[in-house]
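Hello,

Here is the structure I promised to pass on.

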Amino acid sequence: MPEADSQPDLAAILASELRAIASKLKRRLRDQAGSGDLTPSQVAVVLRLEKDGPTTVSALARAEGMRPQSMGAAIAPLEAAGLVEGRPDPHDGRQTILSLSDQCLALLRDGRAARQDWLTRTIAARLSPGEQKTLGIAVDLLKRLVDD
């Protein structure tokens, strides 16, 4: 039997496997929602607007750690696709307030529903009731890892 010092660290093995599994699950869920041809920066813009609400290009750029010019380039195709709408800032006519369109909100809602449906069906089809209970315990442990 190898000495304890020469055995791989269990926490490091679990961390590596968990990261790989989380990455694969994220890809599978993304495939279910069909996020279209949005770039990662465009997805970040949409999610930021959803989370924080309407705001200016400058504020979005600051929040995402981007230059305003780069943010403008990310927003332009979203506006052209009808996903983001701009209206004049009532307090500063030089600024435009950006918000998500109803079309975008519906796409977000439908995408989340598709991911939820796929994951629910996959859990039910591939895991026994006992395994589902074990998964519930694992989910509680994962929550402890990420909760502050």
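Predicted model: local features only at pLDDT ≥ 70, side-chain atom pairs only at ≥ 80, totals over all residues.

Residues are numbered from 1 along each chain as its sequence is written, and side-chain values use heavy atoms, with hydrogens and water left out.

Overall fold

The chain has six helices and two strands. These are DSSP runs numbered from the N terminus: helices are H or I with at least four residues, strands are E with at least two. Reading from the N terminus, the order is α-α-α-α-β-β-α-α. The radius of gyration is 21 Å, well over the 15 Å that the globule rule gives for 148 residues, so the chain is more spread out than a compact globule. That radius is taken over C-alpha atoms, and the rule is 2.2 Å times the number of residues to the power 0.38. Along its principal axes, the C-alpha trace spans about 75 × 40 × 25 Å.

Surface and charge

Of the 148 residues, 18% count as buried. Buried means under 20% relative accessible area, exposed over 50%, and partly exposed in between (1.4 Å probe, protein chains only). The chain has 20 positive and 20 negative side chains, and the centres of the two sets lie 2 Å apart. Lys and Arg count as positive, Asp and Glu as negative; His and the chain ends are not counted. Each charge is placed at NZ of Lys, CZ of Arg, CG of Asp or CD of Glu.

The core

The largest nonpolar core holds 15 residues. Such a core is a set of buried Ala, Val, Leu, Ile, Met, Phe, Trp, Tyr and Cys residues joined through side-chain atoms within 4.5 Å. Val45, Leu60, Ile75, Val84 and Leu100 touch the most other members. Two or more residues each come from helices H2 (40-52), H3 (57-64), H4 (68-80) and H5, and from strand E2 (96-100). H4 gives the most, with four residues. Beyond its neighbours within four places in sequence, Val45 is in contact (heavy atoms within 4.5 Å) with Leu60, Met71, Ala74, Ile75 and Leu78.

Leu119

Leu119 sits in helix H5 (residues 102-126). At 27% relative accessibility, Leu119 counts as partly exposed. Leaving aside neighbours within four places in sequence, Leu119 is in contact with Leu25 and Leu29.

Best wishes
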